[in-house]
Amino acid sequence: MSSPLRHPLMGVVVAVLLSVPWVVVYAVSSPEAIGTVPTVAVSGLSVLGASFLLAWGAETAEKDVPRAFAIAVLAILAVAPEYAVDAFYAWQAGQGRVGAGDLAVANMTGANRILIGLGWSGIALFSIYRATRSGDAAVEHNDGILADAVVLDRDIATEILFLMLATLWAFFVPLGGGIDTLDLVVLVGLYVVYIGIIIRGGADDGEVHVGVPAYLQKTPANVRIPSIFALFGYSGFLIFTAVEPFAHGLENIGLQYGIPEFFMIQWVAPLASESPELIVTAYLVNKARTTAAFNALISSKLNQWTLLIGTLGVVFSISQGAYGVLEFSFKQSAEIWLTAAQSFFALAILINFRITVREAVVLLVLFVSQVGIEFLLIDTISVGFTATDLLLAYTAVYLLLGSAMFVARFDNVRHVGSLAKTNVFADGQPADSD
């Protein structure tokens, strides 16, 4: 007789139990009442539980909706805390707080660079490491030093196309004096068109699931569909309520150790708010679903690089009670250019639907070195060389590397364009991956 502890839904029970302390604090008390360290502990456990619930909801939903759409929903919910934090600073800018516009841009650019610099590179390296045990078919073993690679689904050609369009537009955002209506129309419009394309696809691609998703997918629709909404709804509630206190708690701990507020807002808070996404993708890799993990990461980057930027100006205008442009300093313009350049380079890596260990390491090293130098020498690196100069220098490095790779892989560029065109104009069927 099977033990109840081995029932697939025990995973749901454990994840919910992880969230109970936070729900109690949220319902009957407040984070301030229990102190900084306990807040970080209980909200962090809640984020962990929410991440698993969110992943199970998205995997189960693949039975009823296109996988790309399920992953897009997962990506939006997983990075919802980032939207909340950025909206907070954009709102304060509309209320007249000096420097709040800079904080909104800093938080947004930090989150986007973390997603690629740590997320894309880290998940690629973790996938290749795990493949030695999991036998993941998405990992390709090659001769040579650091030559093993993650092979990506060619259906992401659509995401690559739209992410490239958003990246190219981002280079022009600072030239307009700030984030304005044109940015809203272009960037949010790109994402709306993208969702309209992927939602036409067919459901369940026949991939075998295990655990909670496998169990729920076998239940009748009148049980399965409410279960999906419950998983999405509860995990979304946890993420919306727990991640901001978690991030602010980490900020306060950092400030106690003398780390500047601006640096904490740009790097520590986004790292905390991106944690659900990173946990979800690591979970998928652990189940030998590397393709789904990378699809989720790319979808997250696309929605942050379009919806997040485009809506900041809206929040700012609503806050001040009249239309306005969310302005920021030249340093934040350099932050946007660097973030766009990193995205440009990352797309050059993925344009052949592969990411090797070497490429992942380069992504990681470039990201960590830039953040590390900026942390060690916050204001001035040397006489006549500022932190802004550092950002522009790294922007140039990313652009040079990316341009060289795009030139060398021009045939891949044409292939991605052909696949994306087929996906855009096909009647709900993905392009041939051959």
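Which residues of α17 are buried? They are V416, L419, A420 and N423, where buried means under 20% relative accessible area, exposed over 50%, and partly exposed in between (1.4 Å probe, protein chains only).

## Basis of the model

This is a predicted model, in which local features need pLDDT of at least 70 and side-chain atom pairs count only at pLDDT 80 or more, while totals for chains, interfaces and linings use all residues. Residues are numbered from 1 along each chain as its sequence is written, and side-chain values use heavy atoms, with hydrogens and water left out.

## Overall make-up

The protein has 17 helices and five strands. Helices (H or I, at least four residues) and strands (E, at least two) are DSSP runs, numbered from the N terminus. Of the 434 residues in the protein, 53% are buried.

Among contacts with a separation of 6 or more, 82% are between residues 24 or more positions apart; contact means heavy atoms within 4.5 Å. The accessible surface of the protein is about 17800 Å², and carbon and sulfur atoms account for 68% of that surface. Accessible areas come from the Shrake-Rupley method with a 1.4 Å probe, and for residues only the protein chains shown count as cover.

## Helix α17

Helix α17 covers residues 410–425, 16 residues in total. From its first C-alpha to its last it reaches 23 Å, close to the 22 Å expected at 1.5 Å a residue; the expected span is 1.5 Å times one less than the number of residues.

The buried residues of α17 are V416, L419, A420 and N423. They cover an arc of only 100 degrees around the axis, which puts them on the same side of α17. The arc is that of the directions from the helix axis to the C-beta atoms. Exposed residues on the other side of α17 are D411, R414, K421 and F425. The cover over the buried residues of α17 includes α7 (157–170) and α8 (181–198).

## Salt bridges

A search of the whole structure finds five salt bridges, each defined as a side-chain nitrogen of Lys or Arg within 4 Å of a carboxyl oxygen of Asp or Glu. One of them joins E335 to R113, with the closest N and O atoms 2.9 Å apart. The pair links distant parts of the chain, since E335 is in helix α14 (residues 330–350) and R113 is in helix α6 (residues 100–134), 222 residues apart. E335 and R113 are both buried, and the relative accessible area of E335 is 0%.

E335 also forms a salt bridge with K331, at 3.0 Å from N to O. E335 and K331 both lie in helix α14, four residues apart, about one turn of the helix. K331 is partly exposed, with a relative accessible area of 21%. A network of salt bridges links R113, K331, E335 and E374.

Another salt bridge is formed by the side chains of E140 and R354, at 2.5 Å from N to O. E140 lies in strand β1 (residues 139–140) and R354 in strand β3 (residues 354–356), so the pair ties together parts that are 214 residues apart in sequence. Both residues are partly exposed: E140 has a relative accessible area of 27%, and R354 has one of 22%.

## Two buried positions

I114 lies in helix α6 and counts as buried at 2% relative accessibility. Leaving aside neighbours within four places in sequence, I114 is in contact with G119, W267, P270, L271, E274 and F367. In sequence, I114 and F367 are 253 residues apart; in space, they are 8.0 Å apart, C-alpha to C-alpha.

S317 is in helix α13 (residues 290–320) and is buried, with a relative accessible area of 13%. Not counting residues up to four places away in sequence, S317 touches A322, Y323 and G324. S317 and A93 are 224 residues apart in sequence, with 9.4 Å between their C-alpha atoms.

## A nonpolar surface patch

V13, L17, V20, V24 and V28 make a nonpolar surface patch of about 430 Å². Patches are made of residues with over 30% relative accessible area and no salt bridge; like charges are joined within 9 Å, and nonpolar side chains (Val, Leu, Ile, Met, Phe, Trp, Tyr) within 5 Å. L17 is found in helix α1 (residues 10–28) and is exposed, with a relative accessible area of 55%.
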